[in-house]
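We will go from stop to stop, picking residues as we go.

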Amino acid sequence: MQPRNMSMSGVVDLAAVKAAGEAKQKAERARAEAARTGGAPAPGRLIFNVDEAGFQQDVLQRSTEVPVVIDFWAEWCEPCKQLGPVLERLATEYAGQFVLAKIDVDANQMLFQQFGVQGIPAVFAVIAGQPVPLFQGAAPEAQIRQVLDQLIQAAEQQFGIVGTPVEPGAQDEGAEESAPAAPESPQDIALAAAHQALDAGDLGGAVRAYQNLLADDPANNEAKLGLAQAQLLERVQGVDATQVRKAAAESPADVKAQIAAADLDLVGGHVEDAFGRLVDAVRRTVGEDRDAARVHLLSLFEVIGGEDPRVVAARAALARVLF
């Protein structure tokens with residue numbers, strides 16, 4: 001079993017970007033619903049055991065709504081017995097800002113290996129489907145609190161994930177799950193079909209599906225993000241990367257060459273390189289070429305999301321060369 005998007009390399013790929021976009025939308029919907037009803041969404045468990053069969057739902061899917069902290073432990077591990085109660089107490093104290101998933105490494109060797117755990121206790125987090133190593137060993141509580149605070153801040157600032165308040169007692173293993181979700185709207189069904197086409201590599205079908213959805217709902221940000229991603233993947237499909245990069249290196253003033261190379265940069269996870277390349281293209285060109293580079297750069301911002309710090313920095317750089 002290979003969990004979706006699991007990579008410890010730290011490279012930002014489009015799957016991670018998509019997960020982040022989905023997480024933002026879910027968090028925004030949860031906050032809107034809480035504001036409308038005057039309360040919080042139905043609570044879930046704060047502390048729970050996870051095995052390989054439940055990892056997809058309990059950790060990866062849950063991580064689009066709240067940061068999931070993972071405690072890798074074993075019954076024979078004495079430091080684990082020191083760390084575990086501290087993490088459980090903090091999970092209760094933080095009251096829904098993160099949830100704690102406990103994985104017995106003896107019973108879940110595949111997960112242990114996939115995370116590249118070198119020794120236990122080991123603590124990781126998953127945000128929007130992306131694993132993040134936190135620390136190893138029975139760390140002091142003050143250090144753990146600092147790490148958790150940084151995790152929660154990053155989840156909110158980069159992905160819009162803020163968690164939800166949990167009622168006392170909901171942290172117990174076996175507590176009742178949240179109430180069933182309301183029936184999906186036609187827009188939700190259409191969006192899910194578009195995402196499915198994108199995940200399956202049917203880029204043309206995904207583009208059409210997102211465009212049809214946006215024709216009916218022009219303000220649907222999740223559809224805008226999906227469309228931008230699908231169009232980007234369509235543009236780079238089948239291109240000769242070596243030739244594209246060679247042309248861009250040989251002709252810095254060729255806007256079309258720089259645009260093609262920027263697309264490859266972004267698909268490869270080199271977000272800052274893609275943005276920097278097009279900011280430079282705007283700086284060194286005029287007229288229609290300059291406008292083409294600027295417009296394409298704005299379209300790449302849509303792929304990443306306007307609140308991403310790299311987009312914020314690139315917008316500032318663009319403004320400096322324009323004005």
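Select A122 and Q136 to begin: in this predicted model, Q136 in strand 5 is the bridge partner of A122.

Five strands form an open, mixed sheet in the order 1-3-2-4-5. Its edges are strand 1 (47-49) and strand 5 (130-136), each pairing on one side only. From one strand to the next, the twist averages 25°.

Move on to residues 68-73 and 99-104. These are strand 2 and strand 3, which run parallel and are joined by six bridges. Pick V69 here, and you will find its bridge partner L100 in strand 3.

Stay in strand 3 and show side chains for K102 and E88. They meet in a salt bridge at 3.3 Å, N to O, linking strand 3 to helix 3 (residues 78-94) across 14 residues. K102 counts as buried because its relative accessible area is 11%, under the 20% cut-off, whereas E88 is partly exposed at 30%.

Then jump to helix 9 (residues 241-250) and select E250 and K246, four residues apart, about one turn of the helix. Their closest N and O atoms are 2.8 Å apart in a salt bridge. E250 is exposed at 54% relative accessible area, while K246 is partly exposed at 42%.

Definitions and conventions: Residues are numbered from 1 along each chain as its sequence is written. This is a predicted model: local features need pLDDT of at least 70, side-chain atom pairs count only at pLDDT 80 or more; totals for chains, interfaces and linings use all residues. Side-chain values use heavy atoms; hydrogens and water are left out. Two strands pair if DSSP finds at least two bridges between them. Helices (H or I, at least four residues) and strands (E, at least two) are DSSP runs, numbered from the N terminus. Axes are lines fitted to C-alpha atoms, for helices over the stretch in contact, and angles run from 0 to 180 degrees between N-to-C directions. A salt bridge is a side-chain nitrogen of Lys or Arg within 4 Å of a carboxyl oxygen of Asp or Glu. Buried means under 20% relative accessible area, exposed over 50%, partly exposed in between (1.4 Å probe, protein chains only).
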